[in-house]
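Please look over the sequence and the model shown here before reading on. The numbered points that follow are meant to be checked against them.

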Amino acid sequence: MKTFRIILTTTVFLLISCTFSMAQCAMCRATVGSNLSEGRGVIGTGINDGILYLLAITYLSIPTLIFIWYRSAKKEMNLKLKLNR
């Protein structure tokens, strides 16, 4: 139950903090668009790489947390089964 509470609290925190970071997407797009139109594509490439990095970290961290939760739940279940024998 404690693990579930920690995961729930973390999920709620991440969802709340996500709304603040989404406001920058329009700003990034405007910056990339103005830099590309002026012929300076280096800044736009860096911003795009940063966005892809943030995307990859998000999609890699969620399965990792699910795996850790599954493994700890499995260990806890095995411990309970051993105690009931």
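**Note on the predicted model**

1. Being 4 residues apart in helix H3, Lys-80 and Glu-76 are separated by about one helical turn. The two residues form a salt bridge, in which the closest N and O atoms are 3.7 Å apart, the term standing for a side-chain nitrogen of Lys or Arg within 4 Å of a carboxyl oxygen of Asp or Glu. A search of the whole structure finds 1 salt bridge. Lys-80 is partly exposed at 46% relative accessibility, and Glu-76 is likewise partly exposed, at 39%; buried here means under 20% relative accessible area, exposed over 50%, and partly exposed in between, with a 1.4 Å probe and protein chains only.

2. On provenance, this is a predicted model, in which local features need pLDDT of at least 70 and side-chain atom pairs count only at pLDDT 80 or more, while totals for chains, interfaces and linings use all residues. Residues are numbered from 1 along each chain as its sequence is written, and side-chain values use heavy atoms, with hydrogens and water left out.

3. The chain has 3 helices and 0 strands, following the pattern α-α-α along the sequence; helices (H or I, at least four residues) and strands (E, at least two) are DSSP runs numbered from the N terminus. Of the 85 residues in the chain, 4% are buried. The accessible surface, computed by the Shrake-Rupley method with a 1.4 Å probe and, for residues, with only the protein chains shown counting as cover, comes to about 7700 Å², and 72% of that belongs to carbon and sulfur atoms.

4. Confidence deserves attention. The mean pLDDT (the predictor's confidence in each residue, from 0 to 100) is 78 for the chain, and 72% of the residues score at least 70. Helix H2 (residues 25-37) has the lowest confidence, with a mean of 69, whereas helix H3 (residues 41-84) has the highest, at 85. Where pLDDT is low, the predicted coordinates should not be read in detail.

5. A nonpolar patch on the surface is formed by Ile-7, Ile-62, Ile-66, Trp-69 and Tyr-70, which together have about 490 Å² of accessible area. Patches consist of residues with over 30% relative accessible area and no salt bridge, like charges being joined within 9 Å and nonpolar side chains (Val, Leu, Ile, Met, Phe, Trp, Tyr) within 5 Å. H3 gives the most to this patch, with 4 residues; Ile-62 lies in helix H3 and is partly exposed at 44%.

6. Ser-72, also found in helix H3, is partly exposed at 32% relative accessibility. A polar atom of the Ser-72 side chain lies 3.0 Å from the backbone oxygen of Trp-69. Ser-72 and Thr-3 are 69 residues apart in sequence, yet their C-alpha atoms are 8.7 Å apart in space.

Notes: A polar contact is a pair of N or O atoms within 3.5 Å; within protein, one must be able to donate a hydrogen and the other to accept it, and residues adjacent in sequence count only if both atoms are side-chain atoms.
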